[in-house]
Amino acid sequence: MVDPTRRIFTSWLAATAAGALPASAWAQAARPAPAAAAAAATAAAIPRLRIVIPANEGGGWDQTGRALGAALIAAGAVGQIEYENVGGKGGTIGLARYVEKYDADPDTLLMSGMVMVGAVALQKPPVDMSRIAPVARLTSDYEMVVVKSDSPIKTAKDLIAKMRAEPTSAAIAGGSAGGVDHMFAGLLARAAGNTAALVYQPFPGGAQVVSAVESGQAVAGISGYSEFSEHIASGKLRAIGVSSKSPFQGIPSVRQQGVDADLANWRGVFTGRAVPPQRQAALLEAVRRAVATDAWQKTIKRSNWDSYWMEGKDFKSFLELDVATAGVLTYILKLKA
């Protein structure tokens with residue numbers, strides 16, 4: 001039987017060679033429930049656990065990491081949680097610190113996801129994703145494209161037209177270089193026919209992206225819905241499209257508007273490669289229990305994330321595919337650090 005992830009990647013490369021860039025081929029929708037959650041409910045609690053979040057406070061990784069910590073406590077899987085934020089360069093600084101300090105620590109998890117995969121592909125740091133061990137994929141969500149409320153840009157097609165006609169004055173603000181925001185900006189630039197002319201402004205957090213758009217420093221901003229929702233509700237920002245294939249929160253997708261681009265983000269949790277297999281299994285059980293709690297499910301709904309559970313061989317295969325595809329995307333879209 002052909003591995004479905006390999007089949008997807010082969011199809012992606014074939015389409016790329018033909019000049020067509022398919023949308024988020026490696027992020028296929030799936031929502032399997034943690035089957036062992038009920039059995040794990042009687043497992044002994046881990047007294048203390050640290051979650052390293054490779055980003056500044058307030059962003060998507062931080063929100064996910066702290067939500068997971070709260071759910072671990074609510075599930076009775078962990079007695080006490082400590083958070084450590086290490087931001088910078090799309091998570092690669094936090095990754096290096098985690099590997100150096102916590103590689104063999106049985107009580108420390110690392111938040112990660114597509115942003116880190118992309119940053120590693122772009123920056124090629126000495127410490128990459130092969131240095132950590134996947135535990136579970138947790139969520140999937142979409143990219144939101146926003147403009148200032150009084151911007152003359154009303155639709156995704158308007159933005160593409162601006163990027164085509166005046167690329168140097170069509171700066172797009174988003175997260176770290178090489179991350180999912182940068183990749184989606186690259187897809188938009190490709191749709192405009194000038195990937196090399198993309199002006200991308202990377203920031204360490206969603207708050208700075210919002211400021212760049214509101215101040216006029218950037219004509220548009222890209223980030224997750226949860227980081228823009230408050231500003232959209234207040235009328236300071238206006239959403240012009242989302243990276244899903246269908247409408248989201250009443251906002252039309254970019255693809256629906258005739259722009260050939262869509263992309264899904266993901267976040268997950270990892271441990272050190274030197275952590276013994278038995279302990280890795282215990283950490284996985286704790287996370288299973290956490291995602292089964294009402295606390296976690298309420299956070300998923302409130303943040304407009306999709307629950308996307310993946311573990312074991314499936315997650316490892318997915319990660320291998322994601323790493324390979326990020327490298328190809330970085331090259332094709334001519335992304336620059």
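Buried means under 20% relative accessible area, exposed means over 50%, and partly exposed lies in between (1.4 Å probe, protein chains only). The model is predicted: local features need pLDDT of at least 70, side-chain atom pairs count only at pLDDT 80 or more, and totals for chains, interfaces and linings use all residues. Residues are numbered from 1 along each chain as its sequence is written, and side-chain values use heavy atoms, with hydrogens and water left out.

**Exercise 1. State how many helices and strands the chain has, and what share of its residues is buried.**

Solution. Helices (H or I, at least four residues) and strands (E, at least two) are DSSP runs, numbered from the N terminus. The chain has 12 helices and 10 strands. Of its 337 residues, 54% count as buried. A contact means heavy atoms within 4.5 Å. Among contacts with a separation of 6 or more, 79% come from residues 24 or more positions apart.

**Exercise 2. Find the residues with the most contacts inside the largest nonpolar core.**

Solution. A nonpolar core is a set of buried Ala, Val, Leu, Ile, Met, Phe, Trp, Tyr and Cys residues joined through side-chain atoms within 4.5 Å. The largest one has 85 residues, and L68, L72, M163 and L188 have the most contacts inside it. Take L72: leaving out residues up to four places away in sequence, L72 touches L49, I51, A77, V78, I81, A286, V287 and A290. Another core, of 15 residues, lies apart from the largest one and includes M144, A173, V210 and V242. In soluble globular proteins, nonpolar side chains tend to be buried together.

**Exercise 3. Classify the ring pairs W296–W305 and F315–F318.**

Solution. Rings of Phe, Tyr and Trp (its six-membered ring) pair if their centres lie within 6.5 Å; planes under 30 degrees apart count as stacked, over 60 as edge-to-face and the rest as tilted. The whole structure holds 8 aromatic pairs. For W296 and W305, the centres are 6.4 Å apart and the planes stand at 45 degrees, so this pair is tilted. W296 and W305 are both buried. For F315 and F318, the centres are 6.4 Å apart with 25 degrees between the planes, and the pair is stacked.

An α-helix has 3.6 residues a turn, so residues three or four places apart point the same way. F315 counts as buried because its relative accessibility is 1%, and F318 counts as buried at 3%. Together with W266 and F270, these two residues form one aromatic cluster.

**Exercise 4. Say which rings the charged ends of R66 and R137 sit over.**

Solution. A charge sits over a ring if NZ of Lys or CZ of Arg is within 6 Å of the ring centre and within 35 degrees of the ring normal. The charged end of R66 sits over the ring of Y83, 4.7 Å from the centre. For R137 the ring is that of Y308, and the distance to its centre is 3.5 Å.

**Exercise 5. Determine how α3 and α11 are oriented to each other.**

Solution. Axes are lines fitted to C-alpha atoms, for helices over the stretch in contact, and angles run from 0 to 180 degrees between N-to-C directions. The axes of α3 and α11 (residues 294–303) come within 8 Å and cross at roughly 155 degrees. Angles under 35 degrees count as roughly parallel, over 145 as roughly antiparallel, 65 to 115 as roughly perpendicular and the rest as oblique. The two helices are therefore roughly antiparallel. Where they meet, T64, A67, L68, A71 and A74 of α3 face A295, W296 and T299 of α11.

**Exercise 6. Locate Q249 and K334, and give the phi of each.**

Solution. Most residues other than glycine have a negative phi, and most peptide bonds are trans. Q249, in the loop between β8 (237–242) and β9, has a positive phi of about 55 degrees although it is not a glycine. Q249 is partly exposed, at 45% relative accessibility. K334, in the segment after α12, also has a positive phi of about 55 degrees without being a glycine. K334 is partly exposed, with a relative accessible area of 47%.
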